[in-house]
Structures are given as C-alpha cells and as structure tokens.
Amino acid sequence: MDVRAQISMVFHLDKCIGCHTCSIACKNLWTDRRGAEYMWWNNVETKPGTGYPTLYEDQARYRGGWRAGTDRPRLALGGRASLLARLFHNPRLPALDDYYEPWTYRYEDLLGAPPGDEQPVATPVSLVTGEEMEIEAGPNWDDDLGGSGTYALNDPCLAALTEEERARLLDFERLVFFYLPRICNHCLNPGCLGACPAGAIAKRGEDGIVLVNQEKCRGWRMCVSGCPYKKTYFNWSAGKAEKCILCYPRQETQQVPACMHSCVGRIRYLGVLLYDAGGIARAASLPAAELVEAQRALVLDPSAPDVVAAARASGVPEHVLDAAGRSPVYAWVKRFRLALPHHPEFRTLPMLFYVPPLLPVMATTTSGRYEVVGDELLGAADADRLPLRYLAALFTAGEVAPVAEVYRRLVAVRLHHRAASVGDVPAERAARALAEAGLTAAEAEEIYRLGALASFDERFVIPPFSREAAIAASGDVHDHQEEEGAGFLVPPRRGW
Amino acid sequence: MSGFFFVAWPVLAWALAILGGLYRYFTLRYTYSSLSSQMLAPGSLYWGSVPWHYGVVPILIAHLLAGVFPRAAAAAVSPPTALLVLETAGLALGLLSLVGLVILFARRLGPALRRVTSGMDWVVLLVLLVQVVTGVAIALFVRWGARWYPYTAAPWFWSIARLAPDPSRVAVLPTLAQIHFMSGFLVIALFPFTRLVHLVPFPITYLWRPYQVVSWLGRRGRGRAGP
C-alpha cells in the first residue's frame, strides 16, 4: 500500500449564502494582475446554471477529464500524438468570451465631469483592448438565477431530469437554487496534469497540491482543456497557465487558505486525507455507478493500525498522521459519508467534497403562504423542489442512491436535533429517522456539532508542512539570507 | 562584402541563436512561451496558425535534412518523378504557409491582438514573410531547388561548420536565392530575441512521459511517477 497524504476540502453547501467573499479574498491575493483579470480561481456559481466558464460541465464540447479504459483511464482529449498535433490550435479551448471580457471604468469621467444637468457616467473600458466596450457578460452574470431563461435552462445537469422534475425545479417565480463555490479540486488523477505537453504541472507528493511550474509552462494550453472543471486558466498576457495553488505559501506558514479563512458562512473545512496511491488508476477506470464508492474506498482510516503502519512505511511524517486523525474532511467524507465529489464521472478523483444542500426544498407558496409539501417537516424527500436526480447528476455521476443516503442522514440529524432542542418532532419519529439513516444519536450530535458549532481550529487542521526541513536537506538555506527568498523571483512579465 | 554575408553572418547568426538562447533560458526562463493568442481570437488563429505550422514545419525539416545529408538528398531527387513530386509538394506547402502567415499578420491588426503584439512580433512576421515569399519565388523561378541545394548551399554550410568557409558555390546563385539565405540566417539570429524560442522546447517528451507526475521534496526524491 502506497499511502500518501492529501490536503483536501469539504464545502457545506447548506451554509453557503453566496456572498462571494471567498472569491474576492482570492482575487485580491492572487489574480489581480494583467492577463489574470478574468480568472476566478475561486468562484461561486448559482445552480442550476451554466457556470463559469459557460457550460464547462458539457464535456461533449470541451472534452475535459478522463474516460474509462480497461486498466487505466484515458484522456478524453485524445491520444498523446493527436494532442501534440493540435498544439497550433486547440479546438477544445474556451475563448475569452466563454468567461467574459474583463473591464474597468473610466472613473475620470465622473471626477472630471463639468457641472451640468445630466448625471455623468463612468464609461466601461475593456481591460484587454483598452477601448470602450459594451458589457455583455461578467462574473456571476447569472447570480441568484438572474436571466434564468438563458442560464438555468441550459444547465447541462438538467439533461438527467424528467420533464416533470424539470418543471418542478424551474417553476418560474418559485425557482429553487443553491450556490456552488468552486476552487481547484487538487485531484488525485488530474486532467490538467495528464494533458500538459511540457510536463510543467505536478502534484506535490507531501500534500497533494497540484501546481503549475511557471518556469516550465510553455503556454501550450492543453491543461485548460484537460481540466473538466476549467480550473486552470490561461494568462493571455503572460502566456502561462495559472491555477489555484491552495494558498500553499499560507499553508506552509500554518495559515488557512484565503478563501476558507474569509468564508463568512463558515462552510469550508480543510484537512488531511490519507489515500492509497496504488489504487488511483483502477478507481478512475470503474463504471460510473461505482465511482463514488471507489473514491471513498481510496480514502484510508487514519486510526486503523495497519493504515498507520503502512503510512509510516510510505514515509508519511508523524505530524501529518496526527493531523489526519483530527481531519474534519475525513469525518465528512468517510465517517459520516455526507460529502460527495463534484462530477465524479469526469474521473479525475477530485479531492474537494460537497455536503449537498437541504434547502427549503419541501416548501412551496401556492396561496401566498409558506407550505410544506407532504405531511411532515422534511418528510418527503421524493417530492423535493430540488430533484434528487439533479443532485445525482452533480455529485454522484447520476446515481440517485448515494445522494438519497446522504439526504436520509442530513434529514435524520435535523429531526434528531429538532426533537431535542425544539421538541415539536416526536422522539420516536426522530429515532426512526436515525435508524433509517444508520446513525446513532451520538453520531448525529457529532454531525450537528461539526456542521454548526465547529471552531476555526476544528474546521481547519493543517499539519506542519516542514518544507523548510526538506529544503534544508537539499541545500543550505543560509545561501538566501539577505535575499528575497529561495523561490521564483522573476516578475511575471510577458516575454517578447 | 560576400565575406560578411556568406561567412560572418551565418556564424554570427548561429552564435547569437545558441548563446542568446542559452542566456535567456537560464536567466529568463519564465519568458519561454508560445504566447498563444488563441483565447483572444480563436477563429482567425485556426485559419492562420494551422496552415502556417503544417506548411512550414515539413519544409523546415526538409531544408535541415538536405543540408545535413546532401548526398542522400541528391540521390533521393535524382529520379525526375521524385523531383517533380517533391518540388510540387514543397511549393504547395510553401503556398499553404504563406496563406497562414498572411492571415497571422492580418489578425494582429485587430484591436485586441494589437495589445499583445510586441515590436519584435512585427519584426518576426516581416522577416518570415520575406523568407516565405522568397522561398516560394525560388520554387517558381529558380527551378529545381531540391536539385541544386545539395550541391550549393549544403557544401557551403558544411564548409562553415568545418571552419574552412567556401562561399564560392553560393556566390554565383541568383540574387533571389541569396536573399533567401540571408533572411534565413536572420530568422535564426532572431530566435532568442523573439517568440520564436517557443520552437526549441517543443514538448516531444509528452509522447512517453507518465500521465501523472508527483514531485517530492527531500527524502523521497524527485519525479516519482504516479499511476
């Protein structure tokens, strides 16, 4: 068993209020540069919707991710030689318009406007051409289902729904929606890495963070196509691929990634998962129905003695093992089986998991009153306004059973706690729900605590990376005293 | 004069290309990039870049091979049919690359692409245009280049490589051919100073590298391959 550690994440969608604070924290820190203006390493989408970039989930169009092979997954983009043959023009690359053309405003128009009867207007100017432009799309153009006729209706995940389910979901003026914050998944089988001709992308062995080596990247753009989540971006000014770095410089100094630290809904969890690297190829090649379970099976129990022994043999340091034992991500993903990967059918084995939203899914307003569908609170999961099949298309490769299992558990926790704290749910009803969900009362209490009350230090368990020790082993750190540091010191300026 | 053009200039061009290229690689590696403009104008890139590259790359390889192995090249084109086929293919590829180059030139005049076009980009486009136009003109008017190239240009290259420069065989060629040689070495000289550097790191290793790359610091060593 080749045990490795992965810094992975859980986003609890029930708690996301769609405020975009995470996106702004990330943008201010990393992508507020020429050529990167259009990039949102962290973005928050409204679902149902077409996402960012538009229709990124539609792999008939972008060919991102992997296909099942006999023994190992195959790149959906095509074979190696055919990929090289398309370097001169990559037919699967999104254009800037598939994201949006970045712009600013000519604020001098406001400040320098002469006194007059008309309100002065700041003219929008393109950040690409510097010329005046008509704004046709922007980040979160479809926020909160704005323009649903165009955006929500074209969500690729709706294809999995029946006509009746679609009508329920898109019932106009009673639309149901939720937010999906997305960063790089730091996958176990990254599509970007598989597609990079230059070999510039690598997964860090110690923590699983997937990084683009800016000095090796030659701007061949295949990573953008290879990533089915479109979380690698091409800097059109510098000619380099860039992506979320999971704030590794912050993590190496024991700070939490900016998007997670700033999350006001406290929806985000970060921690170590131990996994068996030898099982990656097989887990990514299984039939779609088995993918979620196979990915869970890759994740190892950090408290099992044989796992700990194998991890030690594989060189996982003690402090990482210790952090793995306290990992909130392990609790959500494996112990409580509540967090699911995003589009596992893309076969990249994403390491960012989502707790699906409960939503006010059971309620409608027919007579101006808020009415619960079914005869009791949270009792009619099949009549949800948000069809399980939609969530299955998003989180379980179309399999309804694993999503239904998650919902049984989420609802059971709610009922249990409501019975305890409010008392309007009969105790036997709560007990029945727990039994159906396969949870004990103690587990339900733990889930409630982790979801609602967990402190900062419980939500983010970052092991000491000890990169400095590893670097010291390969060179003298004092070589860089009185310099800026040991890293990459060339300003990211376009070549000529 | 011919001493400069036929002896000093080729040596200088290669020296600039190799030394300049190495210097840039070791000091400004970040700037090694294709500097693709596909995101900003995907449609016109297709019609420009694909004909250009598919036209010019085989021609470049043919020039290189015939220059390095002149005897084999001369033998290959000695049957008249082979010569005709090769020259026709060469002319077709030359025209293809010319069409591509003109489109690549024209698309850079647009507002978005003008912003990502440096002065050196224009120099490269102009020099390449001269090179391709003279090349196509040679194919049309200085006939059977595949036949005379192994006996004129190739010995000249070899004479320079052997440090006994002998430009006598190329000095008698028509002016058109001489311009083609000189601008050809200009293209080589421009390599490290322009986006042409993207040709050097062509990622041929992709054909055999493992699909997953895991990098380790310290005791587990470097470049351990994943699945």
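Are A:Y52 and A:Y99 buried or exposed? Both A:Y52 and A:Y99 are buried (under 20% relative accessible area, with exposed over 50% and partly exposed in between, for a 1.4 Å probe and protein chains only). The model is predicted, so local features need pLDDT of at least 70 and side-chain atom pairs count only at pLDDT 80 or more, while totals for chains, interfaces and linings use all residues. Residues are numbered from 1 along each chain as its sequence is written, chains are lettered from A and ligands numbered from 1 in the order in which they are written, and side-chain values use heavy atoms, without hydrogens and water.

Over all chains, the structure holds 31 aromatic pairs. Rings of Phe, Tyr and Trp (its six-membered ring) pair if their centres lie within 6.5 Å; planes under 30 degrees apart count as stacked, over 60 as edge-to-face and the rest as tilted. The rings of A:Y52 and A:Y99 have centres 5.5 Å apart and planes at 70 degrees, so this pair is edge-to-face. The pair links distant parts of the chain, 47 residues apart. A:Y52 lies in the loop between strand 2 (43-47) and helix 2 (59-62) of chain A, and A:Y99 in helix 4 (residues 96-99) of chain A. Helices (H or I, at least four residues) and strands (E, at least two) are DSSP runs, numbered from the N terminus.

In chain B, one aromatic cluster is formed by B:F6, B:Y149, B:W156, B:F157, B:F181 and B:F185. Charges also sit over rings (NZ of Lys or CZ of Arg within 6 Å of the ring centre and within 35 degrees of the ring normal). A:R80 lies over the face of B:Y206, at 5.6 Å from the ring centre. B:R143 lies over the face of B:W144, at 5.4 Å from the ring centre.

Helix packing was examined in chain A. The axes of helix 17 (residues 400-421) and helix 19 (residues 441-453) of chain A come within 9 Å and cross at roughly 95 degrees. Axes are lines fitted to C-alpha atoms, for helices over the stretch in contact, and angles run from 0 to 180 degrees between N-to-C directions. Helix 17 of chain A is therefore roughly perpendicular to helix 19 of chain A (65 to 115 degrees; under 35 is roughly parallel, over 145 roughly antiparallel and the rest oblique). Contact residues (heavy atoms within 4.5 Å) include A:H416 of helix 17 and A:Y448 of helix 19 of chain A.

Chain B has ten helices and one strand. Buried residues make up 44% of its 227 residues.
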